[in-house]
Structure formats: structure tokens, C-alpha cells
Amino acid sequence: MKLYIKYMVSLRCKMMVKEELKKLGVRYVTVDLGMVDILGEISSLQREKLKINLLKSGLELLDDRKSILIEKIKIVITEMIHYSDELPKVNYSDYISEKMGYDYTYLSNIFSEVKGITLQQFIIIHKIERVKELLLYDELNLTEIAYKLHYSSVAHLSNQFKKVTGLSPSFYKQLKQRRKDNLENM
């Protein structure tokens, strides 16, 4: 049996969910981002307690099909952009459609209806968050980041970054350095 959990996006979330399952005596096979594979069935009382305990930590146990589908889409995108060293060589639409087993247009329409933004906008937002991370780590230059995230050029990345954040990538990086310098001078 699979359970789907909203807002479960980090290793810390996974550890917290494992701990909650252990407290309730629920045996599981795997705990992944947004999804738990339970061994056997879970009682309605256990499910309700799990739901309440997850809410206390800002996580939400999903019940309806649309919410579950949206969460699966978000997980595919999050894993693709944040946890994979290589972005797919195919179009994002083909990749998502293949991973989900649904037509991209269907997924895109449901996503837009529920989330109020397009799937493409959601992908761009996540790519820019990844760019921010990579800029802060200071291990790659902007050209390498553009290549890694499959931007057609540094200019394209910079334009998209500025459109989303209001800042150029270089100014964003300078802000980080200024904060660091200010902390060191305190």
C-alpha cells in the first residue's frame, strides 16, 4: 500500500516520517520524497494519528486522486532538478509524461487547474532555486551552471534568473559575499 505525503521534500522530512511510522508500529518498505510504501495495510486509527502527527510538522497526508497526482508531478520535477546530477536529455514534457505514465497535456492541465501556475512555470522556479544553490556553493561558474541545467546560453539563464528573482546572478552572488563579509566584521 502506498501513502502520499505533501511537502515532503528533504531528507529531514523522510527521517521524520520514518520516526512517526515507527511510533505507530507501521512497517514500511521504503520512504521516498512524497511517498511511503507500507507493508500490508494501515488501520484507520493509525492513518488518522499519522495524519495529525504529520500536520504538526507541516506535512500533509493526501487522500484525493488529484492531490496525489499533483504531488507525484512535483516529486518528479524536484528529483529531476535538485537530486539528479544529469538533467534528462529529452524535453521535460516527454520526461515527465514517461515517468508519470500520462499524457503531458493532461498532467499540465490538472497541474494548472490545481496549482494556479503552469507546469513550465513550476519547472522554471525550481531551476532558478537550483541555480541559487549552485551559486551559493561557489563550485561552478555561471557557464557551467547553464550547461548543467540545460540552458541554451548564459544569457538565457541570466534573463530567466532576473525575471524570477529581480536580480542578476552576479548581483545575487555579490549579496552572498556581502553578508559573509558583514558577519565576519561583527
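A: Helices α3 and α5 are roughly perpendicular to each other (the class for angles of 65 to 115 degrees; under 35 is roughly parallel, over 145 roughly antiparallel, and the rest oblique). The axes of α3 (residues 65-82) and α5 (residues 104-115) cross at roughly 105° and come within 10 Å. Axes here are lines fitted to C-alpha atoms, for helices over the stretch in contact, with angles from 0 to 180 degrees between N-to-C directions. Helices (H or I, at least four residues) and strands (E, at least two) are DSSP runs numbered from the N terminus.

The model is a predicted one, in which local features need pLDDT of at least 70 and side-chain atom pairs count only at pLDDT 80 or more, while totals for chains, interfaces and linings use all residues. Residues are numbered from 1 along each chain as its sequence is written, and side-chain values use heavy atoms, with hydrogens and water left out.

On the α3 side, the residues that meet α5 are Lys66, Leu69, Ile70, Ile73 and Lys74; contact means heavy atoms within 4.5 Å. Their partners in α5 are Tyr106, Leu107, Ile110, Phe111, Glu113, Val114 and Lys115. The residues of this contact comprise eight nonpolar, four charged and no polar. In this division Ala, Val, Leu, Ile, Met, Phe, Trp, Tyr, Cys and Pro count as nonpolar, Asp, Glu, Lys and Arg as charged, and the others, Gly among them, as polar.

Helix α5 has twelve residues, and its end C-alpha atoms are 16 Å apart, in agreement with the 16 Å that it should span at 1.5 Å a residue; the expected span is 1.5 Å times one less than the number of residues. Its buried residues are Tyr104, Leu107, Ser108, Ile110 and Phe111, where buried means under 20% relative accessible area, exposed over 50%, and partly exposed in between (1.4 Å probe, protein chains only). Besides α3, these buried residues pack against α4 (92-100) and α6 (119-137).

Helix α3 also holds Thr78, which is buried at a relative accessible area of 9%. Apart from neighbours within four places in sequence, Thr78 is in contact with Tyr83 and His126.

Cys13, Lys14, Val17, Glu20, Leu21 and Leu24 are the buried residues of α1. Seen down the axis, they fall within an arc of 125° and so line one face of the helix; the arc is that of the directions from the helix axis to the C-beta atoms. Leu11, Arg12, Met15, Lys22 and Lys23 are exposed on the other side of α1. The buried residues of α1 pack against β1 (2-6), β2 (28-32), β3 (35-38) and α2 (44-56). One of them, Glu20, has a relative accessible area of 8%, and beyond neighbours within four places in sequence Glu20 is in contact with Leu50, Asn53 and Leu54.

Backbone angles complete the account. Gly25, which follows α1, has a positive phi near 75°. Most residues other than glycine have a negative phi. His150 lies in the loop between α7 (142-148) and α8 (154-165) and is partly exposed, with a relative accessible area of 36%.
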